[in-house]
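Hello,

Here is the structure I promised to pass on to you. Have a look at it first, and then read on for what turned up in it.

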Amino acid sequence: MNHKFLQQLTDFIFVEDLPENADIIFIPGSGFPQLGEEAAGLYHRDYASCILPSGRYSILTGHFGGVQEKAEIYAGEYETEWEFLKAVLVKNQVPESAILREDQATYTYENAIYSRKVTDSLGMEIRRAILCCKPYHARRSLLYYQLLYPDTRFLVCPVRESDVTRENWFLTEKGTKIVLGEIERIGVQFHEIMREMREADDAENSPE
C-alpha cells in the first residue's frame with residue numbers, strides 16, 4: 001500500500017532519534033524485556049550514567065501482567081514492572097547503583113509524573129534524556145514525558161526487536177489495531193489533560 005495518509009500516521013506514531021549523550025535513560029513500565037535490553041546497551045555505550053525504569057503494574061489488571069517475551073531468559077516472580085525491568089538491566093550487566101527506582105505508576109502518564117518526582121527528589125537537572133520504549137508507543141510516551149519535563153530535550157530510542165514496526169504495522173490487523181489504538185488514546189487522554197490545564201489556568205488567573 002502506497003498511501004500518503006499511511007505515511008503521515010507512521011511518521012506521527014513512530015518517533016525515532018539517534019542516541020546522544022544524556023543525563024538519564026527513561027523506561028516507561030512494561031513486561032517486555034527488550035526495553036531493558038535496549039537501555040542496557042545504551043548505558044554500556046556511555047550514553048548515560050543512570051537509568052530510571054518506571055512502573056508498578058497496569059491499572060486495568062491490578063497486578064504485574066508477567067514477562068511478555070523471553071520468559072526462558074528472565075524467569076522469575078515479579079511484583080512490579082520496575083522490579084522486572086531492574087532484573088533485566090542487572091542481567092545485562094548494569095550495576096544496581098546506576099538504576100533508579102519508580103514503582104508506583106500504573107499507566108504511561110503516571111510513568112512520567114512519578115519519574116519527575118524521583119528526579120526532583122534527587123535534585124537532578126535533566127537537560128537531555130533518552131526514552132526507551134516500544135516503537136509504536138513512542139509518540140504517546142514522548143508526549144507525556146515532554147509534558148512533565150518541558151525544558152528537557154528528549155531522544156526517543158525505541159527497541160529494534162518488535163513485531164509491529166513502522167514498515168509493517170498497516171499490513172496486519174494486529175498492527176493496525178495497535179497503532180490506531182495509540183492515536184485514539186492520545187486523543188482521549190490529552191482531551192482530559194488539556195481540560196485540566198485550562199481549569200488550572202482559569203483558577204490561577206481568576207480574581208480573588
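Before the count, one definition: helices (H or I, at least four residues) and strands (E, at least two) are DSSP runs, numbered from the N terminus. With that in hand, the protein has 6 helices and 4 strands. Please keep in mind that this is a predicted model.

**Overall picture**

If you walk along the sequence, the elements come in the pattern α-β-α-β-α-α-β-α-β-α. The C-alpha trace spans about 60 × 50 × 35 Å along the principal axes of the protein.

Buried residues make up 46% of the 208 residues. The accessible surface of the protein comes to about 11300 Å², and carbon and sulfur atoms hold 50% of that surface. Among contacts with a separation of 6 or more, 78% are between residues 24 or more positions apart.

The 4 strands form an open sheet in the order 2-1-3-4, with parallel pairing. Its edge strands are strand 2 (51-53) and strand 4 (153-156), each of which pairs on one side only. On average, neighbouring strands of this sheet are turned by 25° against each other, direction ignored.

Leu-131 stands opposite Val-156 in strand 4, while Ile-130 stands opposite Leu-155 in strand 4.

Which strands does helix 2 lie across? Helix 2 (residues 33-44) lies across strand 1 (24-27), strand 2 and strand 3, and runs at about 175° to strand 1.

**Two residues to look at**

Arg-140 is in helix 5 (residues 138-148). Is Arg-140 buried or exposed? Its relative accessibility is 8%, and since buried means under 20%, Arg-140 counts as buried. The side chain of Arg-140 makes a polar contact with the side chain of Glu-182, at 2.8 Å. Leaving aside residues up to four places away in sequence, Arg-140 touches Thr-108, Glu-182, Arg-185, Ile-186 and Gln-189.

Glu-167 sits in the loop between strand 4 and helix 6 (173-205). At 57% relative accessibility, Glu-167 counts as exposed, because the cut-off for that word is over 50%. Where the chain is concerned, Glu-167 and Thr-10 are 157 residues apart, yet their C-alpha atoms are separated by 8.5 Å.

Enjoy exploring it!

Best wishes

Definitions and conventions: Residues are numbered from 1 along each chain as its sequence is written. This is a predicted model: local features need pLDDT of at least 70, side-chain atom pairs count only at pLDDT 80 or more; totals for chains, interfaces and linings use all residues. Side-chain values use heavy atoms; hydrogens and water are left out. Two strands pair if DSSP finds at least two bridges between them. Axes are lines fitted to C-alpha atoms, for helices over the stretch in contact, and angles run from 0 to 180 degrees between N-to-C directions. Contact means heavy atoms within 4.5 Å. Buried means under 20% relative accessible area, exposed over 50%, partly exposed in between (1.4 Å probe, protein chains only). Accessible areas come from the Shrake-Rupley method with a 1.4 Å probe; for residues, only the protein chains shown count as cover. A polar contact is a pair of N or O atoms within 3.5 Å; within protein, one must be able to donate a hydrogen and the other to accept it, and residues adjacent in sequence count only if both atoms are side-chain atoms.
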